[in-house]
Amino acid sequence: MKQSALALAVLAALSLNHSVFAQSNVQVYGLIDAGVEYVNHAGEDGGKGGGNILRVISGGKNTSRWGFRGSEDLKGGLKAVWQLEGGILMDTGESDGAVFKRQAWVGLDGSLGRLVIGRSFTTTYELVIKFDPLGFAPNYSWATGASATGPSKYGMTTQFDNLVKYTGKSGGFTYGATIGLGERAGSLAEGRKLALGGSWFGEGGLGLMAAYERINGIAVAGVPARDDTAAYHLAADYQTGEWRYTAGMRGYRLDAARAGADLRADTYWGGISRTIDDVTLTGAVYHVDTGDVPDVGDADPTMFVVRGMLALSKRTTLYLSAAHAKADHGQLVGLSRDDPGFGSTQTGVTAGIQHRF
């Protein structure tokens with residue numbers, strides 16, 4: 001069965017079975033976000049990094065998605081909880097990967113915290129997005145995935161397959177850990193993924209965060225070792241009145257199987273936001289300091305971003321974003337964490353609308 005047909009079948013089954021909604025407190029929800037973007041240096045153009053383009057994009061502010069989530073009250077304050085969520089490409093109407101690629105999990109929630117099993121966002125990701133000045137924007141943000149250039153290069157892992165995740169809360173503290181099982185016969189360590197950390201928000205407007213992630217690679221025949229990556233995050237956030245100040249960093253390390261292929265890349269970011277009535281203005285800068293590469297190949301990219309948002313209601317927002325990225329030594333750079341770059345600089349402007357339901 002095709003993914004679109006499967007999604008419709010699930011929706012129809014739940015819609016027809018009203019008892020499922022009543023007993024499990026099922027909620028159908030979503031976020032749709034589309035914009036028009038003009039960006040330069042967006043194509044090969046004979047190797048010159050040219051190719052300006054005007055296009056419709058999906059998820060200029062947040063990734064478009066839809067899904068179902070629900071819970072069932074059990075005895076002693078315990079609840080059974082579950083969630084199914086998939087991505088939407090608003091420019092084409094297609095599914096963004098597998099039908100429930102974003103989340104597919106079931107678990108228990110109670111006074112001791114929440115434990116879920118399946119596929120979901122990692123502990124590190126859920127902590128870091130609270131400390132991104134742009135609130136995790138697929139376009140024009142490098143907090144969760146830095147670009148220098150290529151899909152989420154020098155970044156972190158947003159989701160794990162085959163995971164077990166625990167999340168706990170106590171006062172202003174949120175903490176947890178996620179393990180993605182490697183599922184490799186003969187080795188518990190090979191392919192295993194780990195994420196853990198915590199954040200704290202005080203009544204005075206200050207927030208602090210620390211998180212760590214380690215990804216074990218899979219051994220390749222004939223290679224004496226495997227690739228392993230690690231990333232740690234530190235960040236602070238302070239809100240007072242109309243103003244918000246955010247700063248953070250990620251230390252990324254690749255221990256490569258091949259000799260001389262190790263890599264270091266530290267990403268730093270900071271931002272200031274001001275909210276006046278229904279308007280929020282944000283300025284941010286992201287910088288990646290790469291290491292363990294020859295000086296002439298060291299991109300050390302930097303991106304500057306400004307964004308204005310107008311809240312038409314609690315669920316509908318208009319936004320206008322502009323960004324400029326540059327890299328050293330003629331290396332390639334891209335604005336988006338998901339798109340490759342074709343020049344040593346790139347500038348883009350996006351106007352869009354987002355609606356939550």
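In the predicted model described here, phenylalanine 68 counts as buried, since its relative accessibility is 0%. Tryptophan 66 is likewise buried, although a relative accessible area of 18% remains to this residue, a value that falls under the limit of 20% used for buried residues. In total, seven aromatic pairs were counted in the structure. In one of these, the ring centres of tryptophan 66 and phenylalanine 68 lie 5.3 Å apart and the ring planes meet at 80°, so the pair is classed as edge-to-face. A further pair is formed by phenylalanine 121 and tyrosine 125, whose ring centres are 4.8 Å apart and whose planes stand at 25°, so that this pair is stacked. Phenylalanine 121 and tyrosine 125 are both buried. Ring pairs also join Trp66 and Phe68 with Phe100, and the three residues form a cluster. An aromatic ring takes part in another kind of arrangement at tyrosine 29, where the charged end of arginine 69 sits over the ring at 3.9 Å from its centre.

The protein chain as a whole contains three helices and 18 strands. Of its 357 residues, 44% are buried. Among the contacts in the chain with a separation of 6 or more, 55% are made by residues 24 or more positions apart.

In soluble globular proteins, nonpolar side chains tend to be buried together. In the present model, the largest nonpolar core has 34 residues, and those with the most contacts inside this core are Trp142, Met209, Tyr286, Met303, Val305 and Leu335. Two or more residues are given to this core by each of the elements α3 (123–128), β11 (206–216), β13 (243–255), β14 (263–276), β15 (279–291), β16 (302–311) and β17 (316–326). When neighbours within four places in sequence are left aside, valine 305 is in contact with Leu134, Tyr140, Thr282, Gly283, Ala284, Tyr286, Ala322 and Ala323.

The largest pocket holds about 1000 Å³ of space. Its lining consists of 42 residues, and those that lie nearest the centre of the pocket are Arg69, Gln83, Gln103, Phe121 and Glu126. The elements that contribute two or more residues to this lining are the strands β1 (27–39), β3 (65–73), β4 (79–89), β6 (103–110), β7 (113–121), β8 (159–170) and β9 (173–180), together with α3. Arginine 69, whose charged end sits over the ring of tyrosine 29, and phenylalanine 121, which is stacked with tyrosine 125, are thus both found among the residues nearest the pocket centre.

Leucine 127 lies in helix α3 and is buried, with a relative accessible area of 4%. Residues up to four places away in sequence not being counted, leucine 127 touches Thr174, Gly197, Gly198, Ser199, Met209, Ala210 and Ala211. The C-alpha atom of leucine 127 is separated by 9.5 Å from that of glycine 176, a residue 49 positions away along the chain. Alanine 177, which is placed in strand β9, is partly exposed, with a relative accessible area of 31%. Beyond the residues up to four places away in sequence, alanine 177 touches Thr123, Val164, Lys165, Tyr166, Ala195 and Leu196. Between the C-alpha atoms of alanine 177 and glycine 198, which are 21 residues apart in sequence, the distance in space is 8.9 Å.

Several positions in loops were also considered. Glycine 76, located in the loop between β3 and β4, counts as exposed at 84% relative accessibility. Glycine 76 and serine 111 are 35 residues apart in sequence, while their C-alpha atoms are 9.3 Å apart in space. Aspartate 277 is placed in the loop between β14 and β15 and is exposed, with a relative accessible area of 72%. The phi angle of aspartate 277 is near 55°, which is a positive value in a residue other than glycine. A positive phi of about 55° is found as well at histidine 329, which is not a glycine either; histidine 329 lies in the loop between β17 and β18 (345–356).

Technical notes
Residues are numbered from 1 along each chain as its sequence is written. This is a predicted model: local features need pLDDT of at least 70, side-chain atom pairs count only at pLDDT 80 or more; totals for chains, interfaces and linings use all residues. Side-chain values use heavy atoms; hydrogens and water are left out. Rings of Phe, Tyr and Trp (its six-membered ring) pair if their centres lie within 6.5 Å; planes under 30 degrees apart count as stacked, over 60 as edge-to-face and the rest as tilted. Buried means under 20% relative accessible area, exposed over 50%, partly exposed in between (1.4 Å probe, protein chains only). A charge sits over a ring if NZ of Lys or CZ of Arg is within 6 Å of the ring centre and within 35 degrees of the ring normal. A nonpolar core is a set of buried Ala, Val, Leu, Ile, Met, Phe, Trp, Tyr and Cys residues joined through side-chain atoms within 4.5 Å. Helices (H or I, at least four residues) and strands (E, at least two) are DSSP runs, numbered from the N terminus. Contact means heavy atoms within 4.5 Å. On a 1 Å grid over the protein atoms alone, a cavity is a set of points where a 1.4 Å probe fits but cannot get out, and a pocket is an open set with protein on both sides within 12 Å along at least five of seven lines; lining residues have an atom within 4 Å of a point. Grid points are joined across faces, edges and corners, and a volume is the space filled by probe spheres set on the points.
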